[in-house]
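These are my notebook entries on one protein chain and what I looked up in it. I begin with the overall layout and then turn to single residues.

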Amino acid sequence: MKIGFIGLGIMGKPMVRNLLKAGYEVTVYDIVAVNMDDAVQAGAYRGTSPANIAAGSDLVITMLPNSPHVKSVVLGENGVLTGAKSGLKYVDMSSIAPLASKEIGKACAEKGVRMLDAPVSGGEPKAVDGTLSIMAGGEQALFDEVKPVLECMGASVVLCGDIGAGNTTKLANQMIVAGNIAILAEALTLAKKAGVNPQTVFEAIQGGLAGSTVMQAKAPMMIASDFKPGFKIDLHIKDLNNAIATGHDIGSPLFLTTSVQEMFEMLHADGCGQDDHSGLAKYYAKISGT
Ligand code: NAD
C-alpha cells in the first residue's frame, strides 16, 4: 500500500518515521518545505502538492492543525480530491471539529473517496514510540482495511462510531486534559503559597487517587517552569473552541471547559500561545503572586 502523508509538524514527523519503519512506501507533503526534510532523510519521497500526493497513493493521511487547514488541503485548489483516483482511502488524523469531518467526508464520498476521521491522543513522546491512542469514526469496512497501518502509529486503535465520532471522542479527551491541567496548576500553586514544596506534594500524591497521566507528564514541567511544547496552548484553545461550539450546537453544558478556555485565551493574549499547555501554571503564578 502506497501512503501519502500531509502535515509534518511535531506529530506528523514521528508518525511518518513509524510508517517507514514498518516498511510502507511513503510520500510526504508540507506547506513549509523544510518540515519535510526529516521524513525524506528517513526514506520518504518528497511530494509537491496534496493533489500530487493523492494521485500516487492508495491511502492519504493528513495531520494538520484545524478544520480550515484540512478543508483547504482536501477540498481546495490542487487539493487531495483534485488528484484522487476513485477508491482512494483517506484518513484525517488531525483534531478538528466533528461537523467539519462530516462535511469533508461527504465531499470525499461524492468523488468515490472513502474517509475516516482518526484523531490521536498521547502527544509527541507516544507519536515517537508508536503508542498513540487513536479514536476513529467511519465505516467498519474501511476501518478494518486501514487498521494495520494505524497500528504502526498507535497502541490503541478504536472505532467510536460514524464519521465525526473520532473527533467527538477527541473533544471529550481534550476537555478532560484541560480540566486536569487547570486543577493541577491550581493545587500546586496553593501548596507553594502555603509554604509546602510542590515537588514534595507531587511525590506524595502521584501514587494515590489524584495521580494521573496528566500529573505524571505535566507536574514536573510546572515545577520546573519548563513550558517547551509538547502540545501548544494555541492548539488546546482550538480544541476547546471546537468543544464549546459543539456543546452550543447540541445543548450540552460546558461550565468547566469554558473557564479553562478563558484562562488559555488570557495566556494567548499575553504572548504565551506557543508554550506547552502546562504553561497554564503561569496564569496561576501571576494571579497568586507566587
Ligand atoms: P504542528 O503545528 O506542529 O504541525 C502542523 C503541520 O501542518 C506543520 O508542519 C504545518 O506546516 C503543516 N501545514 C499547515 N497547513 C498546511 C497546508 N495547508 N498544507 C500542508 N501542510 C500544512 O501541529 P502538531 O502538534 O503536529 O498537531 C497536528 C494535529 O494533531 C493538531 O490537530 C493537534 O491538535 C493534534 N495533536 C497534537 C498533539 C501534540 O502533542 N502536539 C497531540 C495530539 C493531537
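Entry 1, layout. I looked up how far apart the two domains lie: the centres of domain 1 and domain 2, taken over C-alpha atoms, are separated by 28 Å. Domain 1 covers residues 2-162 and domain 2 covers 168-288; such bounds come from an automatic or database domain assignment. To their contact, domain 1 contributes 11 residues and domain 2 contributes 12, where two residues are in contact if their C-beta atoms, placed from the backbone, lie within 7 Å. On the side of domain 1 that touches domain 2, I noted 6 nonpolar, 4 polar and 1 charged residues. Here Ala, Val, Leu, Ile, Met, Phe, Trp, Tyr, Cys and Pro count as nonpolar, Asp, Glu, Lys and Arg as charged, and the others, Gly among them, as polar.

I also recorded that this is a predicted model, in which local features need pLDDT of at least 70 and side-chain atom pairs count only at pLDDT 80 or more, while totals for chains, interfaces and linings use all residues. Residues are numbered from 1 along each chain as its sequence is written.

Which residues touch the most other members of the largest nonpolar core? They are Val16, Val28, Val60 and Ile134, in a core of 53 residues. A nonpolar core is a set of buried Ala, Val, Leu, Ile, Met, Phe, Trp, Tyr and Cys residues joined through C-beta atoms within 7 Å. A residue is buried if 20 or more other C-beta atoms lie within 10 Å of its own, exposed if 12 or fewer, and partly exposed in between, with C-beta atoms placed from the backbone. Strand 8 (residues 132-137) gives the most to this core, with 4 residues. Helices (H or I, at least four residues) and strands (E, at least two) are DSSP runs, numbered from the N terminus. Beyond its neighbours within four places in sequence, Val60 is in contact with Gly4, Ile6, Ile53, Ala54, Val80, Leu88 and Tyr90. Another core lies apart, with 25 residues that include Leu188, Ile233, Met263 and Phe264.

I found 26 residues around the ligand, of which Gly9, Ile10, Met11, Gly123 and Phe231 come nearest; a residue is near if its C-beta atom, placed from the backbone, lies within 6 Å of the molecule. This shell divides into 13 nonpolar, 11 polar and 2 charged residues. Each domain supplies at least three of the shell's residues. Helix 4 gives the most to the shell, with 3 residues.

I located Val73 in helix 4. Is Val73 buried or exposed? Val73 is buried, because 27 other C-beta atoms lie within 10 Å. Val73 and Ile6 are 67 residues apart along the chain, and 8.5 Å separates their C-alpha atoms. Leaving out residues up to four places away in sequence, Val73 touches Ile6, Pro50, Thr62, Leu64, Gly79 and Val80.

In an unreviewed entry, UniProt lists Lys170 for "active site"; UniProt positions are given in the numbering used here, feature names are shortened, and annotations may be inferred rather than shown by experiment. I placed Lys170 in helix 9. Lys170 counts as buried because it has 27 C-beta neighbours inside 10 Å. Not counting residues up to four places away in sequence, Lys170 touches Ser95, Pro119, Ser121 and Met135.

In helix 14 (residues 280-288), I listed Leu280, Ala281, Lys282, Tyr283 and Tyr284 as buried. Just after this helix, Gly289 takes a positive phi of about 70°.
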